[in-house]
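Subject: Two-chain model, with notes

Hello,

Here is the structure I said I would pass on. Please open it alongside these notes.

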Amino acid sequence: MNVLRTSVHLLPATRLPRHAIQRAYATTARPFVPPAQLRDLDNPGPRRGDRQGGDREPRQRVKPPPESPSFYTSRPVYYDQIIQLEKAIGQVRGSLKTLQLLPLPAFARASLPPLHPVWKTQDEMTLDFETKMTTTRYRKVTKLLSQLNEYNRIARTAGCTELADGIDSIVSMFESGKKDAFLARGKRKVVILDEFGRSYTVGRRKTSSARVWMIPVRQEKKESPKAVAVEEELNMEELFGVERAAEPETVKMEQVKVTTSTILVNNLPLNEYFSVPADRERATRPFKVAGVLGAYNVFAIVRGGGTTGQSDALLQGIAKGLVAHEPELTTMFRRAKLTRRDPRMVERKKTGLAKARKRYTWVKR
Amino acid sequence: MSLQPAIRPWLAASARCSSSIIRSNVSPTLTRYQSTDTSKRLETVQDWQQFQSTRQDVSDLIHMMTPFGSTQNDKTTFHLRDSLRRPPAEATISSLLAAGAHFGHASTRMNPNFVPYAYGTRAGITIIDLDHTLPLLRRAAQVVRAVARAGGQILFIGTRPDIRPVVQRASERLGSQGYHVGDRWLPGTLTNQRQFFGDETVDSTKTVPDLVVLLNPLQNIIAIRECALEHVPTIGIIDSNVDPRIVMYPIPANDESTRAAELIGGVLSIAGREGVALREAQLMKASRREQSRRPGPR
């Protein structure tokens, strides 16, 4: 203002009107300060309608930050898991180095038994990681897991159980639930005995199938048969007053108890169901080969086919059941081809032929 | 052979030392100090324990003899991994030079706005003036420290596979205030949040960072644009083919060098760590003051 007033006399003779020089603009008279600038955000003061209370925390305007450091990748679970796996690998590697198990020379690596992992499928991992598991991501994860599995193999073989258990706890989170089934594929299913000691097996031949339940015959606890008193021979020497010479050795006749077992086929005894003796022989062949005739009770349900097929199916079922009860018979039965499912089936009839192989009479012209 | 020593005496010396003669002098049964027997296998757990203890004996012997030998050890020698695992707290011109931070791109590709930060050209590439880089790096470190001290969230973006560990470790140094993006930045992370994170996350959490550090800004132009739209300050390593004005605090340096990224990322994250520590100290002091002001319990 002073500047304006003092400069007035310096202006040329034509004087401007007073209101033009000393016009008070709002912005010059009183500078504008936005109301928001005057607000104190940290101490907002009492709100309208508030009761006079004690110490109150200033109203939180700030929302809490995200927890995961990978939040801005939009796939926090996946990236966090990758980081955790990489850290675990680093720690395990350090531990194995301390235990002098890394780096492992070639001969030691060759002595490691195999440890085949079975990881979850891509779809299962998609649910775990809350993000679509593309092939690249899946391969990345399984590569890290396989590395951990290798370290697990080393630790377990060397007897470092704590380290191996620690690795197991990580790796088991990513293992498929169907691991046992997958690893056992192609192998014969192990038959387990139920709570009563019965085995359940299935035998097949041609179009027949035999479901066989077997249980060992219960042996009653009997005291060993006393040596059957041999009738004292008429001692001729005694009769004639001569001292008995050397007594003859008493021959102990041990009575072998022959156990009888029951074989029921479709609720009928074996001999009733298979009227042809050859079929009966065939069905009980496993007992004879193993030498346990009469030691097992058998209950079988046989369906399909004819007598030969059914008796062969029963044979296979009994053989498998015997192997379940006595695993030492596996090799013997395999060599005798008793547990083998005979793949021969009735061959189909072909067009242009009378039967499967029989050709019509060849005519020259 | 016998004539030669007379004509060329130096050959006699070398002939005496030749390996063939040495080998012929040694007896046929050679003593080997390391078994190359591959037929030996470790069958039982006891075999493995024996194997471990033999190795441990050797290791113990070395450890016992170490004080009598050289004073150089793992901690005192240089390793390439140190630039990632133990970066310096402050950069120097020489460390920037050693990391190759002064190499720019081809001078034909030089951005005209980069000229103030260029030292010159040589061998067809622009050389970046480290006398400008260093103070700008320190300024950026101050910004990171101040934001961390104020409790802000700092996001490190490095989307190449070689600088992914840099941003991961940098975010770890800042604890709960550090975040990282090591793979592709998904467009819309800041501008399309409800689609990406869901309504309840956006309503309950603070989903916009307070500072973004870009180690390869040219590949993350989308991220820079989103930060500008959401008013997030940015720090970035600017190479000679990039306009420095795209980020708020440019650091003119080589963006293709892993070591330069490790150095710069390390310096910034250590500054952030200091800021976090200062904040914690401040909060502790404030809470202690509160406790002393208030009456005690009961």
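Predicted model: local features only at pLDDT ≥ 70, side-chain atom pairs only at ≥ 80, totals over all residues.

Residues are numbered from 1 along each chain as its sequence is written, chains are lettered from A and ligands numbered from 1 in the order in which they are written, and side-chain values use heavy atoms, with hydrogens and water left out.

Confidence

The model scores ipTM 0.82 and pTM 0.71. Mean pLDDT (the predictor's confidence in each residue, from 0 to 100) is 86 for chain A, where 79% of the residues score at least 70. For chain B the mean is 90, with 86% of its residues at 70 or more. Helices (H or I, at least four residues) and strands (E, at least two) are DSSP runs, numbered from the N terminus. Over residues 227-231 of chain A, pLDDT stays under 50, and the model has 3 contacts beyond four places in sequence for them. Contact means heavy atoms within 4.5 Å.

Between the chains

The contact takes 35 residues from chain A and 37 residues from chain B. The two chains bury about 3100 Å² between them, 57% of it on carbon and sulfur atoms. Buried area is the accessible area (1.4 Å probe) that two parts lose on being put together, summed over both. A:Tyr72, A:Gln100 and A:Phe107 supply 27% of the area that chain A buries against chain B, more than any other three residues.

Chain A

An open sheet of 5 strands runs in the order S1-S2-S5-S3-S4 with mixed pairing. Two strands pair if DSSP finds at least two bridges between them. S1 and strand S4 (268-269) of chain A are the edges, each pairing on one side only. S1(A) and strand S2 (residues 208-216) of chain A are antiparallel over 7 bridges, and A:Tyr200 stands opposite A:Trp213 in S2(A). Helix H15 (residues 307-325) of chain A lies across S1, S2, strand S3 (263-265) and strand S5 (296-303), at about 145 degrees to S1(A). Axes are lines fitted to C-alpha atoms, for helices over the stretch in contact, and angles run from 0 to 180 degrees between N-to-C directions.

Helix H7 (residues 122-129) and helix H8 (residues 135-157) of chain A pack at an angle of about 85 degrees, with their axes 11 Å apart. H7(A) is therefore roughly perpendicular to H8(A) (65 to 115 degrees). From H7(A), A:Gln122, A:Met125 and A:Phe129 meet A:Thr135, A:Tyr138, A:Val141 and A:Leu145 in H8(A).

Chain B

Here 3 strands form an open antiparallel sheet in the order S1-S3-S2. Its edge strands are S1 (103-106) and S2 (118-122) of chain B. Neighbouring strands are turned by 30 degrees against each other on average, direction ignored. S1(B) pairs with strand S3 (residues 125-128) of chain B over 2 bridges, and B:Ala106 stands opposite B:Ile125. S2(B) and S3(B) pair over 4 bridges, with B:Ala118 opposite B:Ile128. Their hairpin has 2 residues between the strands, and B:Ala123 takes a positive phi near 55 degrees.

Regards

Note on methods
Parallel < 35°, antiparallel > 145°, perpendicular 65-115°, else oblique.
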